[in-house]
Amino acid sequence: MTPKMSKISVAISAAMISTAMMASSAAASDAESLLGSDPIRIVMPYGAGGSTDITARIIAANAAEYCGTRIDVVSMPGAGGMEGLQFVADAEPNGHTILMADYSATITQTLTEDTDWEVEDWAPIVHLTDWKPTVYVKADHPIQSIEDWIELAEAEPNTLIFGHADPLSLVHLPLVLLEMETGIQNVHLPTTGGGETRTMILGGHAHLGMTLPPSIVSNVEEGEVTAIGVFADERSDVLPDVPTFQEAGYDVSFEAPLLVYTYSNVSDEIQQALSDCIMQGLETETAQTMSSQASAGLNDVQGRESAQQIYRDTTVRVQEVLAAIEQD
């Protein structure tokens with residue numbers, strides 16, 4: 001490269017960096033004018049260490065500069081997750097307390113429990129990814145496939161302990177549907193989330209568990225656990241060698257969208273500002289690298305309009321499943 005061209009390249013690079021910094025600063029300024037400078041809290045109604053926790057921390061690390069303030073991650077698994085939702089619902093409607101959850105918190109438990117809110121009171125602002133509930137066992141357990149599980153469960157009903165998060169959650173409803181289809185019976189062991197379920201499996205306190213691929217991918221790679229099946233229409237990109245239950249002949253599939261919400265009393269303007277700044281943070285190269293390393297699946301994040309439609313569709317699906325369970 002000639003000295004002249006070298007100088008031009010440096011000038012172009014400097015201009016690009018300057019433009020990017022100005023755009024980031026402008027975005028942060030716009031968000032801060034609406035949100036203020038107090039920290040934003042992402043509340044999770046689950047225990048720390050699971051897939052949702054991983055995703056929330058990627059947001060916190062990358063969206064803060066676009067939102068114009070620090071972002072903290074808060075785990076509130078108490079009362080089956082209802083403590084976290086109540087905290088967000090009771091918060092000042094200024095956009096500084098938001099929720100990250102799947103349908104089990106905002107839809108299933110709202111439909112089945114006595115709550116201070118309705119399903120429509122939660123306002124989705126970002127659709128992050130779709131979780132694929134995955135069944136796994138310890139690597140040295142006799143069960144190493146879907147067929148092994150069904151066979152043993154049929155031969156010895158109510159002897160296999162199955163660890164999962166809250167009842168009727170995204171890592172419990174598919175199990176209920178499978179039991180309805182096959183007639184097998186398992187001992188259900190609720191946990192605070194993916195982290196505790198994994199501990200129960202590795203410690204030999206539960207025979208099977210259900211979680212999400214990012215929570216166990218490293219354990220699978222290290223040979224500590226075996227993932228035996230995925231409740232989804234297609235295999236997980238994170239665990240491509242693990243078959244779906246449909247492949248094994250069982251028509252059970254129930255993926256779960258992971259969404260960021262505000263409570264409905266937050267203004268549309270603030271909802272949109274939060275959606276925009278979180279989306280900007282997740283579109284950065286750093287966020288995408290972190291997502292890839294953590295197998296978080298944040299490569300097709302969708303904004304507010306898409307999130308709201310997915311929420312409506314999921315509500316209908318959950319209502320149908322709950323009605324089928326009630327009739328069984």
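Which elements each supply at least two residues of the lining of the second largest pocket? They are β4, β10 (256-263) and α11 (304-327). Let's take a friendly tour, starting with some ground rules.

## About the model

This is a predicted model, in which local features need pLDDT of at least 70, side-chain atom pairs count only at pLDDT 80 or more, and totals for chains, interfaces and linings use all residues. Residues are numbered from 1 along each chain as its sequence is written, and side-chain values use heavy atoms, with hydrogens and water left out.

Helices (H or I, at least four residues) and strands (E, at least two) are DSSP runs, numbered from the N terminus.

## The second largest pocket

A pocket here is an open set of points on a 1 Å grid over the protein atoms alone, where a 1.4 Å probe fits, with protein on both sides within 12 Å along at least five of seven lines; lining residues have an atom within 4 Å of a point. A volume is the space filled by probe spheres set on the points, which are joined across faces, edges and corners.

By that count, the second largest pocket holds about 160 Å³ of space. Its lining includes H127, D130, D233 and R317, and α11 contributes the largest share, four residues. Sorted by type, the lining has four nonpolar, three polar and five charged residues. In this sorting, Ala, Val, Leu, Ile, Met, Phe, Trp, Tyr, Cys and Pro are nonpolar, Asp, Glu, Lys and Arg are charged, and the others, Gly among them, are polar.

## The largest pocket

About 550 Å³ of space lies in the largest pocket. It is lined by 25 residues, and T129, D130, D237, G297 and N299 are the closest to its centre. The lining is made up of seven nonpolar, 10 polar and eight charged residues.

Three elements, β4 (122-131), α8 (213-221) and α10 (285-294), each bring at least two residues to this lining. β4 gives the most, with five.

In α8, the buried residues (under 20% relative accessible area, with a 1.4 Å probe and protein chains only) are P213, P214, S215, I216, V217 and N219. After α8 comes G223, with a positive phi near 75 degrees.

Our last stop is I270, in helix α9 (residues 268-282). I270 is buried, with a relative accessible area of 11%. Leaving aside residues up to four places away in sequence, I270 touches L34, L35, P93, N94 and G95, where contact means heavy atoms within 4.5 Å. The C-alpha atoms of I270 and L35 are separated by 7.0 Å, although these residues are 235 residues apart along the chain.

Definitions and conventions
Buried means under 20% relative accessible area, exposed over 50%, partly exposed in between (1.4 Å probe, protein chains only).
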